[in-house]
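Hello,

Here is the structure we talked about, with the sequence alongside. My notes on what turned up in it follow below.

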Amino acid sequence: MAEGLIVRSLRDGSLPGEHAPALCLEDSLPSPLASHSHAVFRHLLASLLSTGTGTAVVLVAFHRSPSFYLSLLSPTFHNSIRLLDCYSDPLAWKSNHHPPPPSHSPQNITLLTNLNHLPHFLSSILHLAKDLGAQGHDRVTVAIDSVTHMLRHAPLPSVLQLLTNLRCHEKISSLFWLIHTDLHEPKVISSFEYISTMIASLQPIVQLPDYANANISASITSLEENYSKAKFNVRLKRRNGRVKLLCEELLIEQGSVKFSSVPSVSSVVAQNLIPKVQFNIQLSDKERMDRANVVLPFEHQGNGQNIEIYDGRRSLSESQKDPSSTKIGGLSEQKRSNNNKSEKGEIHYIRDSDDEQPDSDEDPDDDLDI
């Protein structure tokens with residue numbers, strides 16, 4: 001799901017008035033499969049080219065030679081890709097000290113030297129994108145196999161400005177690159193994540209234990225599992241500002257990359273909590289019958305007779321001597337109506353206990369010095 005969503009986002013490009021979507025693919029040494037991150041990069045490249053004839057790619061090769069990428073891709077994709085060779089002579093040493101030999105490279109490979117001059121670097125990419133557009137490719141994606149190598153030749157602000165200019169250009173529909181996070185400071189990684197709309201990272205499937213205190217057999221088992229599998233975490237920034245998190249299991253077998261879905265975090269937490277519960281929240285038939293036979297406190301008062309509540313205005317014995325009246329709150333309804341007509345209201349004070357001292361004329365605050 002995450003892999004397909006990334007490929008569709010790169011293929012569809014941006015809406016009018018928006019910057020092109022950008023994918024930042026991250027890896028690090030804690031994941032043993034980080035050495036295969038370029039295999040994931042090549043897998044995304046091949047998946048993007050196989051989406052349709054209207055999609056083309058400008059590949060900027062820093063980590064491997066362009067011929068290496070052409071050998072991995074099907075010949076049917078060679079007309080839909082242009083390669084900018086930044087691998088053969090990045091510092092222009094060969095061209096400065098030796099005359100350039102006659103070129104036998106394919107027509108879709110362009111050699112670029114002197115990478116310190118980024119405006120020339122940008123114009124070379126745009127020239128290849130226009131060439132693909134002239135051949136009928138309406139969507140052109142720029143792929144950079146290693147931004148880490150770019151930072152060797154140019155400062156961080158210049159590289160960020162280059163990527164931003166590519167996202168803003170009308171000929172570029174999408175952009176993605178690979179970066180090695182353990183070779184840079186956290187602020188550098190945060191800068192590339194800020195300008196990207198999708199962030200994909202490779203993480204170990206099992207966290208490696210502390211080798212000083214861990215069991216050796218358990219450590220070997222964890223290493224073997226991490227060398228065959230990895231977590232592929234994806235963070236998508238939506239147009240409405242929301243962020244969507246996805247996770248898949250990455251498996252590499254004989255150079256081929258496979259993705260499989262993993263259970264969600266909520267289901268994993270629920271499965272882990274169920275065995276730890278030591279009580280049963282369901283009731284048996286006997287427990288339901290026992291609960292129904294329990295006499296609650298308000299049910300056993302009065303022993304089946306009418307309950308009369310004493311309100312302090314009339315004694316309970318007087319109310320019991322008048323059987324003709326209906327008892328409501330300790331007073332008969334007839335008496336209450338007569339009292340309202342003839343008698344005045346009175347306040348009856350009932351002492352709580354005999355120990356209570358009567359009222360006196362002494363001032364209780366006499367000892368206060370105000």
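**What was found**

Of the 370 residues in the chain, 36% are buried. Please keep in mind that this is a predicted model. The chain holds 13 helices and twelve strands. Its accessible surface is about 24,000 Å², and carbon and sulfur atoms account for 53% of that. Among contacts with a separation of 6 or more, 69% are between residues 24 or more positions apart.

Ten strands make up an open sheet with mixed pairing, in the order 4-3-2-5-6-1-7-8-9-10. Strand 4 (109–111) and strand 10 (256–261) are at the edges; each has a single partner strand, so one side of each has no neighbour in the sheet. On average, neighbouring strands are turned by 20° against each other, direction ignored.

Asp85 has Leu111 of strand 4 as its bridge partner. Helix 5 (residues 118–134) packs on the sheet and touches strand 2 (55–61), strand 3, strand 4 and strand 5 (139–144). The direction of helix 5 makes about 160° with that of strand 3.

**Arg82**

Is Arg82 buried or exposed? Its relative accessible area is 8%, and the cut-off for buried is under 20%, so Arg82 counts as buried. The Arg82 side chain has a polar contact of 3.3 Å with the side chain of Gln135. Leaving aside neighbours within four places in sequence, the residues in contact with Arg82 include Val57, Val58, Leu59, Asn108, Leu128, Asp131 and Leu132.

**The nonpolar cores**

The largest nonpolar core has 38 residues, and those touching the most other members are Val60, Phe121, Val142, Ile144, Trp177 and Phe192. Elements that each supply at least two residues of this core include strand 1 (22–27), helix 6 (147–153), helix 7 (156–168), strand 6 (174–180) and helix 8 (186–194). Helix 5 gives the most, with eight residues.

Residues up to four places away in sequence not counted, Phe192 touches Cys24, Val147, Leu151, Leu156, Val159, Leu160, Leu163, Trp177 and Ile179. There is also a second, separate core of 37 residues, with Ile6, Phe176, Leu202 and Ile252 among them.

Regards

Note on methods
Residues are numbered from 1 along each chain as its sequence is written. This is a predicted model: local features need pLDDT of at least 70, side-chain atom pairs count only at pLDDT 80 or more; totals for chains, interfaces and linings use all residues. Side-chain values use heavy atoms; hydrogens and water are left out. Two strands pair if DSSP finds at least two bridges between them. Helices (H or I, at least four residues) and strands (E, at least two) are DSSP runs, numbered from the N terminus. Axes are lines fitted to C-alpha atoms, for helices over the stretch in contact, and angles run from 0 to 180 degrees between N-to-C directions. Contact means heavy atoms within 4.5 Å. A nonpolar core is a set of buried Ala, Val, Leu, Ile, Met, Phe, Trp, Tyr and Cys residues joined through side-chain atoms within 4.5 Å. Buried means under 20% relative accessible area, exposed over 50%, partly exposed in between (1.4 Å probe, protein chains only). Accessible areas come from the Shrake-Rupley method with a 1.4 Å probe; for residues, only the protein chains shown count as cover. A polar contact is a pair of N or O atoms within 3.5 Å; within protein, one must be able to donate a hydrogen and the other to accept it, and residues adjacent in sequence count only if both atoms are side-chain atoms.
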